[in-house]
Amino acid sequence: MRLTIASLWIILSIAAAIYSWRKAIPNEVAIPAAIAFLVEAAFYAATGFESGREWFNRIQGRWRPALVLAGSALLPYLIYCFAPERFS
């Protein structure tokens, strides 16, 4: 799983760099957005592996799984939200 996510991050980082360069997106916007996308891609890819699903199934309690899912949705937003410059 780690090798897949590392490979995914490398490929997506290159794609983000090329896209931001071709569209002339400032680095102050492109870098936080790319980091947020990379975090979200890791969460998305982890669901495709048995080890990721087993980890999630080991979470005990009624509210903890919901909090983990909410946190996985909130984290990329917070990464981009605290960037010095945002899309307008």
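Basis. I am working on a predicted model, in which local features need pLDDT of at least 70 and side-chain atom pairs count only at pLDDT 80 or more, while totals for chains, interfaces and linings use all residues. I number residues from 1 along each chain as its sequence is written, and side-chain values use heavy atoms, with hydrogens and water left out.

Fold. I counted four helices and zero strands, and read the order from the N terminus as α-α-α-α. The radius of gyration is 15 Å, well over the 12 Å of the globule rule for 88 residues, so the chain is more spread out than a compact globule. I used C-alpha atoms for that radius, and the rule is 2.2 Å times the number of residues to the power 0.38. Helices here are DSSP runs (H or I, at least four residues), as strands are (E, at least two), numbered from the N terminus. Along the principal axes, I found that the C-alpha atoms fill a box of roughly 45 × 30 × 10 Å.

Contacts and surface. I took a contact as heavy atoms within 4.5 Å. Of the contacts between residues at least 6 apart in sequence, 72% join residues at least 24 apart. I noted an accessible surface of about 7,000 Å² for the chain, with 68% of it on carbon and sulfur atoms. The areas come from the Shrake-Rupley method with a 1.4 Å probe; for residues, only the protein chains shown count as cover.

Charges. I found 8 positive and 5 negative side chains, with the centres of the two sets 5 Å apart. Lys and Arg count as positive, Asp and Glu as negative, and His and the chain ends are not counted. The charge is placed at NZ of Lys, CZ of Arg, CG of Asp or CD of Glu.

Core. Which residues form the largest nonpolar core? I listed six: Ile-25, Val-29, Ala-30, Ala-33, Ala-36 and Tyr-80. Helix 2 gives the largest share of this core, four residues. Such a core is a set of buried Ala, Val, Leu, Ile, Met, Phe, Trp, Tyr and Cys residues joined through side-chain atoms within 4.5 Å.

Ile-79 lies in helix 4 (residues 64-81) and, with the same exclusion of residues up to four places away, touches Pro-32, Ile-35, Ala-36 and Val-39. Ile-79 is partly exposed at 25% relative accessible area. From Ile-79 to Val-39 I read 9.1 Å, C-alpha to C-alpha, across 40 residues of sequence. Tyr-77, also in helix 4, is exposed at 52%. Its C-alpha is 6.9 Å from that of Ala-36, 41 residues away in sequence.

Ile-35. I placed Ile-35 in helix 2 and noted it as partly exposed at 40% relative accessibility. Its C-alpha is 21 Å from that of Gly-52, 17 residues away along the chain.

Ala-24. Where does Ala-24 lie? I found Ala-24 in the loop between helix 1 (2-22) and helix 2 (27-46). Its phi is near 55°, a positive value in a residue other than glycine.

Key:
Buried means under 20% relative accessible area, exposed over 50%, partly exposed in between (1.4 Å probe, protein chains only).
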